[in-house]
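These are my notebook entries on a structure I went through site by site. Each entry records what I looked up and what I found.

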Amino acid sequence: MSQRTAILTQVAGFRGWKVQAGRWETKDGRRVVPVAGYDLPAEARLVLTLERRLAPRCAKCLAVGGTCHEKLPQRQWVDLPACGHPVVIEYAPERLRCKRCGARAVELLAFAEPQQRQTRRLQQHLALDACSMPLLHVAAKWGLGWHTVRRAEMAAIERWDKTMPKPALTMVGVDEKWLGRRHKLQEKFVTIVSDLSTGVPVWMGYGRDSETLKSWLDTLTAEQKKAIRLFATDMYEGFKKAIRDDAGLAHAALVHDPFPVIKRAGEAVTELRRAVFFRAGAEMRAVGKGARWLVLRSWDKSNEEQRAHLRRLFRLNGKLGRAYQLVEQLRTVLRSPDGKSLYDGLWHILRRTERRDNVPMRKLHESLKSHMDEIVALGEHHPPTGRIEALNNNWETLVRRGRGYRNHRHLLAKLRFITANPVGHVTGIKRFLALGLPVPFARAA
Ligand SMILES: [Zn+2]
């Protein structure tokens with residue numbers, strides 16, 4: 001190995017492979033000779049011709065050895081750029097006759113997956129970029145086609161998915177999600193089923209009726225159904241029906257997700273606020289300005305300034321103040337340690353929302369009453385519904401940026417990946433960056 005190829009081999013860093021030669025090329029494959037031995041056009045790309053150092057390895061069974069069945073033509077893989085120059089890897093793989101499994105498969109390559117035209121580490125970077133950038137921007141950044149980026153990203157995420165443990169589902173969250181405006185699908189909603197113990201979505205289907213959920217339930221085996229302890233849903237009747245109609249799920253508890261309850265209560269307050277302001281005088285209007293989001297915020301999360309604003313508002317209108325206080329109380333009640341105290345707390349709220357002349361609050365009353373059992377079940381089972389919030393946030397980001405996903409398998413895979421790897425702590429960051437990429441074949445070829 002000359003000093004030049006030794007350095008290139010060290011930089012390339014594929015264990016078990018060495019760079020046999022390196023050359024500079026233009027994009028269309030014409031040779032570039034550096035002016036005065038070093039001066040290159042910025043877009044010149046480095047082509048590294050690789051060579052195996054050790055015996056080949058069967059890609060099917062990983063057995064070392066095997067004899068050459070067919071020498072395949074030279075192939076190229078796009079790799080991560082080096083020092084600002086695009087890098088391409090070149091190698092002529094062999095089709096092996098494996099002594100152990102008898103396969104006639106192309107040898108195992110340390111740098112790329114079969115059928116892929118980008119190296120594994122480039123795919124990893126594409127997938128990471130695609131977590132926070134639209135695919136079009138990722139494609140522009142790396143100088144690849146949109147479809148190439150998407151394929152590479154999917155390959156990386158699927159590789160990651162294979163490394164994920166698949167625990168049996170015990171607590172299931174069922175949620176409906178809006179697909180956003182920017183797509184031409186007839187169906188505007190999807191149903192997402194997630195594992196509450198990890199928060200990671202496991203299934204996604206178009207539509208939000210009982211048939212949609214049933215189509216997922218039908219894929220489960222009797223054992224899988226038996227393992228499910230509870231379902232947390234937003235009490236959409238269709239979901240409830242699909243679960244109750246399934247004889248294999250008779251034992252599973254139905255629990256109301258707390259967020260839609262708070263959301264529903266927030267809607268009642270908003271409605272009341274509107275009604276109040278409709279008839280309000282100038283003073284009230286002046287105070288009410290900018291209070292739209294304020295009245296939906298919990299007291300704990302408001303700062304001093306916001307609290308003062310709220311106090312001024314409620315001094316002018318006691319009805320709104322009482323409604324706000326009620327939502328605060330509902331928040332506390334939903335966190336009750338057991339079913340009994342949740343039941344008592346809920347009844348207290350129901351008594352305070354009974355009056356028929358306060359229409360928005362009365363509507364909340366009806367809604368709470370009709371879902372009483374499932375809300376009380378919340379206190380009995382305590383599903384970790386907080387994880388669903390992360391899913392919600394990720395969903396919003398993805399859909400807003402996605403400009404309408406045409407392929408829901410792609411969307412689900414991405415959602416799984418982002419939800420399972422929060423970058424809020426060190427292990428999350430490590431897992432996010434590794435993206436299921438093992439140390440490239442410690443004992444490869
Ligand atoms: Zn084999």
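Entry 1: I began with Glu-366, which counts as partly exposed because its relative accessibility is 39%. I note that the model is predicted. Glu-366 meets Arg-362 in a salt bridge, with 2.8 Å from N to O. The two residues are 4 apart in helix H13 (residues 359-370), so about one helical turn separates them. I recorded Arg-362 as buried, because its relative accessibility is 15% and the cut-off for buried is under 20%.

**Entry 2: other salt bridges.** I found 29 salt bridges in the structure. I looked up Lys-18 and Glu-51, whose closest N and O atoms are 3.4 Å apart. This pair links distant parts of the chain, with Lys-18 in strand S1 (residues 17-25) and Glu-51 in strand S2, 33 residues apart. Both partners are partly exposed, Lys-18 at 25% relative accessibility and Glu-51 at 29%.

I then turned to the salt bridge of Arg-121 and Asp-79, at 2.6 Å from N to O. Here helix H2, which holds Arg-121, is linked to strand S4 (residues 75-82), which holds Asp-79, across 42 residues. Arg-121 is partly exposed at 24%, whereas Asp-79 is buried at 4%. I also noted a network of salt bridges that links Arg-23, Glu-25, Arg-45 and Glu-90.

**Entry 3: the zinc site.** I listed the protein donors of the zinc ion as the SG atoms of Cys-58, Cys-61, Cys-98 and Cys-101, lying 2.3 Å from the ion. The site is tetrahedral, with angles of 106 to 113° among the 4 donor atoms. Along the chain the donors follow the spacing C-x2-C-x36-C-x2-C. Cys-61 lies in the loop between strands S2 (45-52) and S3 (67-71), and Cys-101 in the loop between strand S6 (94-97) and helix H2 (120-130), so this pair ties together parts 40 residues apart in sequence. Cys-101 counts as partly exposed, at 39% relative accessibility.

**Entry 4: a buried region.** I found Thr-233 in strand S10 (residues 230-233), buried at 0% relative accessibility. Among its contacts beyond four places in sequence are Phe-239 and Ile-243. Both of these are among the buried residues of helix H7 (residues 237-244). The cover over the buried residues of H7 includes S10, strand S11 (253-256) and helix H14 (372-381).

**Entry 5: a surface patch.** Lastly, I looked up Val-423, Ile-429 and Leu-433, which form a nonpolar surface patch with about 240 Å² of accessible area together. Leu-433 sits in helix H17 (residues 426-434) and is partly exposed at 44%.

How values were computed: Residues are numbered from 1 along each chain as its sequence is written. This is a predicted model: local features need pLDDT of at least 70, side-chain atom pairs count only at pLDDT 80 or more; totals for chains, interfaces and linings use all residues. Side-chain values use heavy atoms; hydrogens and water are left out. Patches are made of residues with over 30% relative accessible area and no salt bridge: like charges are joined within 9 Å, nonpolar side chains (Val, Leu, Ile, Met, Phe, Trp, Tyr) within 5 Å. Accessible areas come from the Shrake-Rupley method with a 1.4 Å probe; for residues, only the protein chains shown count as cover. A salt bridge is a side-chain nitrogen of Lys or Arg within 4 Å of a carboxyl oxygen of Asp or Glu. Buried means under 20% relative accessible area, exposed over 50%, partly exposed in between (1.4 Å probe, protein chains only). Donors are N, O and S atoms within 2.8 Å of the metal (3.2 Å for Na, K and Ca); water is not among the atoms, so sites may look incomplete. Four donors count as tetrahedral if all angles lie between 85 and 135 degrees; four count as square planar and six as octahedral if opposite donors are over 155 degrees apart and all others between 65 and 115; anything else is irregular. Contact means heavy atoms within 4.5 Å.
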